Amino acid sequence: MRRTLKKNSDFRRLYSKGKNVVNPYVAVYCRRNREEHNRLGYTVSTKLGHAVARNRVRRRLREIYRLNSQRFKSGYDIVIVARMRCVGAEYKKLEAAVLEACEKLELLEEQP
RNA sequence: UGAGCAGGCCGAACGACUGCGGGCAUAUGGCGAAAGCCUGUGCAUGAGGAAAGUCCGGGCUCCACAGGGCAAGGAUAACGGGUAACGCCCGCCAGGGGUGACCCUCGGACAAGUGCAACAGAGAUAUACCGCCGCCGGCUUCUGUCUGGCGGUAAGGGUGGAAAAGUGAGGUAAGAGCUCACUCGUCCCAUGGAGACAUGAGGAUGCUGUAAACUCUAUCCGGAGCAACACCGUGGGAGGACAAGUGGCCGGCCCGGCCGUCCUCGGGAGGUGGCUUGAGCCCGUCGGCAACGGCGGGCCUAGAUAGAUGGUCGUUUUUAACAGAACCCGGCUUACAGGCCUGCUCAUUUC
RNA sequence: CCGGGUGUAGCGCAGUUGGUAGCGCGCGUGGUUUGGGACCACGAUGCCGGGGGUUCAAGUCCCUCCACUCGGA
């Protein structure tokens, strides 16, 4: 069961109090919540381009989490902010960038 | 074959695994009294020609006014038709462009009034600087390549976007639409046309440009927008009416503390509806030059709410352009890789 | 969804009813000073956001597009 972050206040709390990691593709903010599930939020601003480009970036970020959800620890609020390089990026590079950022935040389970 | 004109259409396709939205069906599943909800499974289905910009016109909802008129403000502008309506579309006229197919035009009225027209130029909406001509004087070599004044004139000058119809002839002291012929413009008349308009050796007349300057004429327009609006709903308010100094609760008692009822407005969280069957699409046929309309048959084709189409592969030609519904329609404008179809024009060659 | 504003020299801004595009700071050259600053004189710098139109003539008027920005529901 997946849940999403929706309210503006949730995003503001993460931006001010959460831990973050930035690389050229994405910025990731995270904070422990007191639930059993992860809650994800995606930020794709109008700076990235028109609606088609923004939709594509958001869909790919969502797919990255879905395909890798087994590796994530549970009990966190996570916000993924897309940056300019995402627009023309290949899927593989985008996936690697997101996973690298999450690893720095210790969100991933230890590799067996 | 080459160059071009007009109109219409498509907008990568197919397959495999996996994933998402709403719909329908379903279950040895879970919750519930039930309606139903959750979860799983199956089935079909799921962005555009511009979904964009939000520039016009409507539907729908609420507010205001309630018959109508005027003012203010705004919009439109040859003519005829289409349409629910339009600033849109079709046809046609006038003017302009192209050898041609065909294309372009914000195309009412400065002959109702007011304003503006820099610089240049003698002069800018009427005038007289130079010039031309006449008269009266002066000078004089005695008729004038001189000069002063008064008057006539609008032919010639050079400027300007524009100098007041153009060309030729007559006429005159010199000239002038002053007169005549032809041409051009405007108004009237006749004929044709539904009309704009066209035609006319018919009559009158000769007027700068600018209204995307004010203005005038004709026609049209109440305002706001789905975050509208309706309902459910909790917190906390505002106003009015009524009752009352009492009553109820806490408390052993005093002191003390807390608490009205009804109506209206309002609507911070959150939820549901509005929400997709509609001026709808496709096919045929009839009317019409066409836009479009009539009739008959068939079809149901996204409805999300942090907002659904992604990922990995394979094949064809490579990696595919512009680009994402958000209440719904009709248009306009803007962006766009590449490709297809139909009709037509011009040039060249061959038969 | 609705409505408003801005775009002019390197920067910040003027430019009312159309008629040769300006101010301040900055920049360059020269002077002044032993040198620098300050000061004085001279000078350069503009497709007036892009395109089209009206007009004799457009920064100004009209249409359209672009970018930035503000407000309301």
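I began with the surface near RNA strand B, to which α2 gives the largest share, eight residues. I took a residue as near a strand if its C-beta atom, placed from the backbone, lies within 6 Å of it. I took helices (H or I, at least four residues) and strands (E, at least two) as DSSP runs, numbered from the N terminus.

I noted that this is a predicted model, in which local features need pLDDT of at least 70 and side-chain atom pairs count only at pLDDT 80 or more, while totals for chains, interfaces and linings use all residues. I number residues from 1 along each chain as its sequence is written, and chains are lettered from A and ligands numbered from 1 in the order in which they are written.

**RNA surface.** I found 15 residues around RNA strand B, the closest being H50, A51, N55, E63 and Y91. The elements that give two or more residues to this surface are α1 (8–17), α2 (51–67) and α3 (91–104). By class I recorded four nonpolar, four polar and seven charged residues. Here Ala, Val, Leu, Ile, Met, Phe, Trp, Tyr, Cys and Pro count as nonpolar, Asp, Glu, Lys and Arg as charged, and the others, Gly among them, as polar.

**Helix α2.** I looked up which residues of α2 are buried and found V57, L61 and I64. These residues lie on the same side of α2 because they cover an arc of only 60° around the axis, the arc being that of the directions from the helix axis to the C-beta atoms. A residue is buried if 20 or more other C-beta atoms lie within 10 Å of its own, exposed if 12 or fewer, and partly exposed in between, with C-beta atoms placed from the backbone. β4 (39–43), β5 (76–82) and α3 are among what covers the buried residues of α2. On the face turned away from the buried side I listed the exposed residues A51, V52, N55, R59, R66 and L67.

**Residue R12.** I located R12 in helix α1. R12 counts as exposed because it has 10 C-beta neighbours inside 10 Å. From R12 to L108 I read 24 Å, C-alpha to C-alpha, at 96 residues apart in sequence.

**Strands and chain.** I saw β2 (residues 19–22) and β3 (residues 26–32) pair in the antiparallel sense over four bridges; pairing requires that DSSP finds at least two bridges. N20 has Y29 of β3 as its bridge partner, and a hairpin of three residues joins β2 to β3. Chain A holds three helices and five strands, in the order β-α-β-β-β-α-β-α from the N terminus. Of its 112 residues, 23% count as buried.

Definitions and conventions:
Contact = placed C-beta atoms within 7 Å.
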